[in-house]
Amino acid sequence: MGYDFKTIEKKWQAHWAKNQTFKADNHSEKPKYYVLDMFPYPSGAGLHVGHPLGYIASDIYSRFKRHKGFNVLHPQGYDSFGLPAEQYAIQTGQHPAKTTQENINRYRQQLDQMGFSFDWSREVRTSEPDFYKWTQWIFLLLFDHYYCNSANKAQPITQLIEQFERKGNETVNAVCDASTPNITASEWKSFSETEQQEFLLHYRLTYLSEAEVNWCADLGTVLANDEIINGVSERGGFAVTKKKMKQWSMRIGAYAERLLQGLDRIDWPESLKEMQRNWIGKSIGAKVFFQIENHEKRIEVFTTRPDTLFGVTFMTLAPELDLVQEITHPDQKEAVEKYVEETQKRTQRERMADVKNCTGVFTGSYVLHPFTKERIPIWIGDYVLADYGTGAVMAVPCGDQRDYDFAKHFDLPIKNIFSGVSIEKEAFTDKGTTVIDHSDFLTGLSYEEAMKTVIKALEDQGSGEGTINYRLRDAIFSRQRYWGEPIPMYYQEGLPQPLDLKHLPLTLPEVEKYLPTPEGAPPLGNAETWAWDTQKEQVVANVLIDHKTVFPLELNTMPGWAGSSWYFYRYMDATNTNSFVGKEAAAYWKEVDLYLGGSEHATGHLLYSRFWQKFLFDLDLLPVEEYAKKLINQGMILGTSAFVYRKPGTQTYLSKELIQEADQTEPIRVDVGFVNSADELDIEGVRRWQPQFEKATFKLHNGVYKVGREVEKMSKSKYNVVNPDTICEQYGADTLRMYEMFLGPIEQAKPWNTAGISGVHNFLKKYWRLFYDGEQSVVHNEEPSKEELKILHETIKKVTHDIEHFSFNTCVSALMICVNELTSLKSHSSEILSPLTLLLSPFAPHLASEMWEQLGNKTTIDQVDFPLANESYLIQDTKNYPVSFNGKMRFTLELSLDLDQAAIQEAVLQDSRALEYLDGKTPKKWIVVPNKIINIVY
């Protein structure tokens, strides 16, 4: 008979699909448990063996919780808007929806063959109109609200309008643009409707403004900071430059403090929480205003060290600030413009990371010190960023290393304001360890005293105030793409007007081309007159935009993180047509209990989704302020890449063993599919694979070509991808599941080695043989021995504990040890095999389901409680003593732990083996250590 995994897995996958075995119930009396994976983007390449790691872990835990009596929600869907499908559409003309559907079909087939217990009845796709209708609705809610600092929450924009009508905005305590002017109630009332709407954009939580963005010309779109790696786009590796554009933004900065505080209330990895803390970047300090000489404007600076104000010797502005052009002296205009142009070619990350090079240009202008009125030169330097603080730095070279290096490089003055400290070689950056010197009224004060004193002095003369600053910037929301959620806005007199919920979803129009228009408009501009008719209250095409009743619709689309910022609530109530999630469903499921996904989303999805959660919580639309109680970041499964070694300038490739230290060779990647477990290359396969190898000469060693190996990220571009379909075909899905868990702790990165998978497969075959000898069942109903029960219940205790602590690799080890020990005892009792099968069920669900049925059970294993460890079987009442003669261990003897020394000696002497070794001699000395050893000296 044998372990026929193909038949077994096909049978149980069909059973689960037909019976909707894993469908969750929104009205169950069982306790709920919500397990969620970060849903995948369905790429054309499909899944490789690294992708299912988190899904396997979450599936094990989901199945375990069902066995423990929970109503488990374990859904799956697709983050199906994305740039790759759009790029493919640009290249081929095929609609992204068609490409996406084909990719989803491929993903679904792969996911199903691995036996995941997903509730597919709740599947969501972010690109489906019935889903993104609610994404658009949330966008409109953000547009209709502002952040009230007094209430510390979002409130309707209508309340703000009421305040403007009564008292203007001078007493309004709300988050708004720094450039927001003060107005009186009469000024507000004198504004036209257009002017009022324009003014409200200073406060709305989603707003339209001129912003400096990361522009990728090759992709034709704006990119978020987390979509850029080492100065180029994450997708495609294209150049990214700075550009000013009219963009939709989201005022995530309003929630900065709450996002920080919330981290203390969720069980997420500390390293990830620290990443978010650093990204939010809270700093306590002061605003300081410096008057520009011979100019009406003043420059606002945020500093965490206002106590060093008397050490300022120059000011540095971010080159991209509009103010730079305004204040630059004519003599410096050419140099400044050239520097600004060069800066635009570098990303923020590059500028922040470059600590070695000092570059900058003097503007020719000065500011005045707020207390001494000394002239302070204004420079520009790319180490200052426009979107951190105010884009201006008061440079104190004696107390900041970057300012020190800048001053040294450009021969600018350095004042030492720290008592008893030398700054001859470097800046003094410690605070609180010395007193301030050469600083007027701050001289002689400690750090704490000087901070309080200078802030009060600044506030008294109107030159500054104490404040808190955050590095977190408002999130650019617009994307110049086709394949994304349309933004539900039309434009009247140049100002955005929202569509009503009843008109949603605003669906994507058909276009012939997916590139920007010849005029540079986003791809939606290629639609034949995509507009909004206010009389008909509908989208219209092929009509004249008259700006009377027919108005242009927004041409930008939403970013990839829009749908993923709330999708976890749609799973709770996926078919609800009246709400994004019903109150009853939200109250029952409440939040995600366990979330699994990669740490690379720390400052993207995992931050934006917390922002949207808090906003919807403010509106009483959700029951909790944080959506995921526990988060686990699964590690990466690394690929083992293969290399052949080419002699430069030739088509000759040397086997790895032939390479001498002096040899110059070029490592060239080859697909791991052409390399066997002994690292031997299939030369003919490689010749057929790529033309560059077709006529190559391969120098062999002992008749074979050995490749070099390197462990690195698994990626199609590195030719080190292992397809799970191949593993499932050769070994079965249960083997793949258990092997991925066996590789190591879920949180750690670990290399894939196909050669190691046979060991796990052999374990499953050994488990099978506990039931069958060939085609003959060997299972019996006889009572098991104490030793069998002890082995079983030790394993139950170990596996239960380790699953609860997400230590899945040690669970697999424990199951292997258990099966080995039971095999050695020839254990075939159903009283042992039934609970053992339940233990295996979360890990190898197909095989466990089959063997449970083979045991004669009418109820499927999915509906059975997990076994409990019986402590009475774990009590050790005997000891297998090692018995030694003159210090040499000769045999073991199992004895009761209740025996005293005399009884132990008597039992040993009654054993025929002891008599044989003593050979008639009388023991001279007995060494008996209870529960440890017996040694006889004769």
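In the predicted model, Ala527 sits in the loop that links strand S19 (495–498) to strand S20 (531–533). Its relative accessible area is 12%. Ala527 therefore counts as buried, since the cut-off is under 20%. Beyond neighbours within four places in sequence, Ala527 contacts Pro509, Glu510 and Val511. Thr241 is 286 residues away from Ala527 in sequence. In space, the C-alpha atoms of Ala527 and Thr241 are 28 Å apart.

Asp862 lies between helix H27 (845–854) and strand S33 (878–885). Asp862 is buried, with a relative accessibility of 12%. With residues up to four places away in sequence set aside, the contacts of Asp862 are Trp16, Thr21, Phe22, Arg63 and His67.

Helix H10 spans residues 270–280. Its buried residues are Leu272, Lys273, Gln276 and Ile280. These residues cover an arc of only 100° around the axis, so they lie on the same side of H10. In general, an α-helix has 3.6 residues a turn, so residues three or four places apart point the same way.

The buried residues of H10 pack against several elements. Two of these are helices, H9 (256–262) and H19 (605–618). The others are strands S10 (282–292), S16 (464–470) and S24 (631–632).

Terms used:
Residues are numbered from 1 along each chain as its sequence is written. This is a predicted model: local features need pLDDT of at least 70, side-chain atom pairs count only at pLDDT 80 or more; totals for chains, interfaces and linings use all residues. Side-chain values use heavy atoms; hydrogens and water are left out. Buried means under 20% relative accessible area, exposed over 50%, partly exposed in between (1.4 Å probe, protein chains only). Helices (H or I, at least four residues) and strands (E, at least two) are DSSP runs, numbered from the N terminus. The arc is that of the directions from the helix axis to the C-beta atoms. Contact means heavy atoms within 4.5 Å.
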